[in-house]
Amino acid sequence: MPKLTVDGRPVEVEAGQTVMNAAEKLGIEIPRFCYHSKLPVAGNCRMCLVEVEKMPKLTTSCTTPATEGMVVLTKSPKVKEGQKAVLEYLLINHPLDCPVCDKAGECDLQDQYFAFSSTPSRMIDQKVHKPKRIELGPTIKLDQERCVLCTRCVRFLEVYAHDHSLGTVNRGDRAILTVFPGRPLDNIYSLNTVDLCPVGALTSKDFRFKKRVWFLKNADSVCTFCSNQCSTVVQHDEGTIYRILPRENEKVNGPWMCDTGRLEYRFINAEERVKCPMVRRDEGQERTTWREAMEAVGAAFKAAGSRAAGLASPRMTNESLFAFAKLFVETLGSKLAGFVKADAGLVEGAPADDFLIKADKNPNTRGAEEIFAAWGVEVDGARSVLEAAEGGKLAALLVMDQALLERVPNRERWLKALAKVKFVAVASLAENELTRLAHVVLPLASWAEEEGTYTRFDGLVQRSWRAVPPRGEAKDALGLLSQVAVAAGKQALPLVAEAVFKALVAKVRCFGSLTYAAIGKQGAKAGSGAATHKVEIVNLAKDKGAGGAEARTW
Amino acid sequence: MTIEIPYIAAVLKAIAFPVMALNMIPVLVWIERRGSAFIQNRIGPNRANIGSFTFLGLLHPFADAMKFMFKEPFRPENAHPVFYFLAPALVVIPSLMALAVIPIADHVWVQGHEISMSVTELEYGIAYVFAVASIGVLGIAIAGWASNNKYSLLGGIRSTAQMISYELSLGLSVLGVLLIFGTLDLNELARGQGALLWGVLPKWGVFLQPVGFLLFVVACFAEANRLPFDLPEGDSELVAGYHTEYGGFKFSMFFMGEYVSMVTLASLIATLFFGGWQVPWMTTTALDAHLGELGRTLSQIAAFAVKIGFFLWLFIWVRWTLPRFRYDQLMRLGWKVVLPLALVNILVTALVLLLANGF
Amino acid sequence: MDFKERIYLWEIVKGLWITLRHLVYNLFHQRSMPTLHYPEEQRPMPARYRGRHRLTQRDDGSLKCTACMLCATACPAKCIYIEAQEGLPEGTEKRPQVYNIDMLKCVYCSLCVEACPCDAIRMDTGLMPPPADSREKFIYRIEELTKYPAIKHPNPPFLHRCGKL
Ligand code: SF4
Ligand code: SF4
Ligand code: SF4
Ligand code: SF4
Ligand code: FES
């Protein structure tokens, strides 16, 4: 374990660590372009120059191994000189079209220029021009002029996505990043390269020109498109979501996430969403008010008594699942509740890989199992519901989430069974086959519009904050379930996620003694040593509140 | 069937007097606007025109009237459905009614019938005026309450308190004059002021009762809700007070009510303190002898018009000179200055009369 | 306050006298009042008057604006709304699809003009925005923003400044 000093401060690092790692351990900031803690070291940008005693020249800290007795200076005049020179060199041919560059505001080159150089350009010759707006593939556009040739993108694709489509060609000031002719960059992880790119060379076609980054506000969230549950940041402005970025979380996804998770936010903004309640009249469904819709639901559930049933969804938060089980088991006194689990048999051929993407496309299957078990709902509850429906024994059914039929293996059988139920209410985001069959459709808030926790397949409980208010008249699941209880003439259910979570922890044993504070931003496993970080996490939760709106710096 | 002359005269007067009073409104509005403009080194409204004639801006009040009439009759959602509409009428009707007993000239003789030159002649005329005028405050209070607006409510409450305070002084400050002339009939009052004082000065109330006159004028300003006592409206703090929620014709009724009560109060001041229709130094008999009955009546009307014209102008003039009182100042003035002074004034007058007439 | 002021009556008379003086003077000197008979009479616009906005154009008529949104960022009234789109192959990479200024919110500070890196927006039309009867009509779109040319000043501001005029 070599001991060394950086800027006069002693530090000890593991063998094989670099000077950069040592400085980071001390919290000393060294500018960099090509170095990334999760990628192999390339050492080609020269931005991370430091002075090491007894070395004749400045050296790149990201490639220099830390050795015993090293004396490193990161802020000496010589280093500063070197950093300025490197930046000037990088900027010689840089187009500096920041006003139209999507990266402006979160660009490492901009930030580091202001932090480490701030000297005017001395370049008087014509800059080298290279192609701009190149379509690299379905998701990405490349600007070769802006590229600083750090090869972060190349390394990421090779190491994590096993994709060798990107590469640099030519030399000197003609060097460019490119793909092989006729082989577009088409990879489910491709948008990670946009995050990685320290400059505006790679831009996401989805986000391109939609919004300047400094207008965006952040809300910490969790990706709900597969059971890997990547930690995310939802970036939004004035009630509209603009993009979703991964949030670094060692326990889950590192700094990465897949393109599906990044792009699936679009249905939340979509115009076609169910925005107000609808009831079925003689010909088709008509828009109506919550009041009228709930009167219909209430009448049906009162009449149904114990012949009422409910189908939850493994896409719901732990809190809403708990409220759902409570509604049916305790409030309505019906044992016919369940959720449709998407086990391997049900969703055959769902894509999965060894990196992030999991076959189960529902984020909270484990949470649903645990909570329903605690309420004494049989594991195969959905099957009983189906059988009861087929037997014509169901008078009222509440389905949470319109995607039910996409999860079941035998949808024909389900459709026939559902048609036999006297009253079907569907809480839904979008219209589909299922909502067309419903007697009442209730607008449901999406995951970005509600607060709650999710249990990952490995038992990690993660928290998600509300980013935007629900569209139209949509209600979050807790509010909706409480309305159903009230309509059925029972007591209202609690509406605040944290309160529900407390009740949940008290009832469901596998949640141990978790609290929102203990879960924090990084998530926690029940019974794991999360409490040791408690103080820090509490502070975080307090400072950043519901989805910290602070600007993310590089 | 012959219709008796007095009945015809009564009907004619009942129509002519309110019409005259209402017709003064546009003129007053015009004077108020242009006058205030000149006082403030502005030009004032002068654009409304027929063809290329603007009549010095006289058409603006008419344009306003048209606008008021054709605006949507709008009721704020939470305003009271009945009282909201009742309030403007409650303001404008009493102020018109109060005019009924104001004489504009001495009696005339038509075919052997003696006809008074007021809508009606009541023995207790002045009491009638005060009685009717005090209904107006109800209109304002109701308007403030029925609009369901916090500013309006404040305006209504202010106006109630203000009216109660100043109505008292209004009544008390004229008692001196009434004591001296020994009558409540306004025509008699005017006639009584025709004599000469020490052979030179007309025997006008203002000379006999200077303090009473000042107090009465102050109370009149408060009664008419004119600056410096326009606290029920208080534009800068209450938006427009009791009529914030009113627009169109209903607003114009408040507007008319204000101006008609200005006319009433100006006539009262003229009648009580400036000899009413008396032409100075000329009694009715003397005028009759020189000008004939028609000439006498016309000159008396002219004299009266000049007098109320001056006081109307005073209302306007003061408005553009003085700033608004603060509410506590208004109340202090009403209860601690005007009221005690009025009482002392009555006491002194009564004592003097007692001494002069012997016990 | 001495007794005379406290009585207030004398002060009122003094005040009335002042207003009467103004009234009478103005009645006979109407010409000398400072009021202008707008719109027949108009004060000349100062050379650097900040009028309604203008989006400048290139020689070929395309907008100079690159939809960088720096003006919208600088605007203290948050009244500029821009939607960007891909530029034409021959033009800049980015260009505005929607460019709206809400003139009811605008405070005429001209910070947008200062912020623009492309000289794409100016306030040199010398015009005041005309009245309109709906909020919609106060939202100026690209068409309204390119409708009026810049005014040519008889006395350009810089000449003023160096004392040549
Ligand atoms: S990459 Fe950075 S420095 Fe280069 S144009 Fe974009 S914002 Fe500007
Ligand atoms: S595109 Fe970006 S990440 Fe890739 S080499 Fe260029 S600068 Fe680096
Ligand atoms: S002038 Fe000021 S307020 Fe108006 S659009 Fe420009 S920056 Fe915004
Ligand atoms: S700052 Fe200039 S170029 Fe940028 S969006 Fe505004 S007007 Fe267009
Ligand atoms: S970060 Fe060390 S060379 Fe690029």
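Two residues are in contact here when they have heavy atoms within 4.5 Å. By that rule, A:Thr59 touches A:Cys48, A:Leu49, A:Val50, A:Val52 and A:Thr64, leaving aside residues up to four places away in sequence. Keep in mind that this is a predicted model. Here's a quick tour, starting with how the chains meet.

**How the chains meet**

- There are two pairs of chains in contact, and chains B and C share the most contacts.
- Chain A and chain B, on the other hand, have no contact with each other, and their closest C-alpha atoms are 22 Å apart.

**The interface of chains B and C**

- On the chain C side 19 residues take part, and they meet 17 residues of chain B.
- Three of them, C:Leu16, C:Thr19 and C:Leu23, supply 31% of the area that chain C buries against chain B, more than any other three residues.
- Interface size is often quoted as the accessible area lost when the parts come together.
- For chain C and chain B that comes to about 1600 Å², with 70% of it on carbon and sulfur atoms.
- Look for salt bridges across this interface and the rule finds zero.
- Polar contacts do turn up, with six residue pairs found between chain C and chain B, both residues at pLDDT 80 or more.
- Sorted by class, the side of chain C that touches chain B has 11 nonpolar residues, seven polar and one charged.

**Around the ligands**

- Ligand 3 has 14 residues around it, and the closest are C:Cys75, C:Cys106, C:Cys109, C:Ser110 and C:Cys112.
- That shell around ligand 3 splits into 12 nonpolar and two polar residues, with no charged ones.

**Residues worth a click**

- Back to A:Thr59: you'll find it in strand E4 (residues 59–60) of chain A.
- A:Thr59 counts as buried because its relative accessible area is 13%, and the cut-off for buried is under 20%.
- Most residues other than glycine have a negative phi.
- C:Ser110 isn't a glycine, yet its phi is positive, about 65 degrees.
- C:Ser110 sits in the loop between strand E3 (94–102) and helix H4 (111–115) of chain C, and at 13% relative accessibility it is buried.
- A:His162 also has a positive phi without being a glycine, at about 50 degrees.
- A:His162 lies in the loop between helix H4 (152–159) and strand E8 (166–169) of chain A, and with 55% relative accessibility it is exposed.

Terms used. Residues are numbered from 1 along each chain as its sequence is written. Chains are lettered from A and ligands numbered from 1 in the order in which they are written. This is a predicted model: local features need pLDDT of at least 70, side-chain atom pairs count only at pLDDT 80 or more; totals for chains, interfaces and linings use all residues. Side-chain values use heavy atoms; hydrogens and water are left out. Buried area is the accessible area (1.4 Å probe) that two parts lose on being put together, summed over both. A salt bridge is a side-chain nitrogen of Lys or Arg within 4 Å of a carboxyl oxygen of Asp or Glu. A polar contact is a pair of N or O atoms within 3.5 Å; within protein, one must be able to donate a hydrogen and the other to accept it, and residues adjacent in sequence count only if both atoms are side-chain atoms. Ala, Val, Leu, Ile, Met, Phe, Trp, Tyr, Cys and Pro count as nonpolar, Asp, Glu, Lys and Arg as charged, and the others, Gly among them, as polar. A residue is near a molecule or strand if one of its heavy atoms lies within 4 Å of it. Helices (H or I, at least four residues) and strands (E, at least two) are DSSP runs, numbered from the N terminus. Buried means under 20% relative accessible area, exposed over 50%, partly exposed in between (1.4 Å probe, protein chains only).
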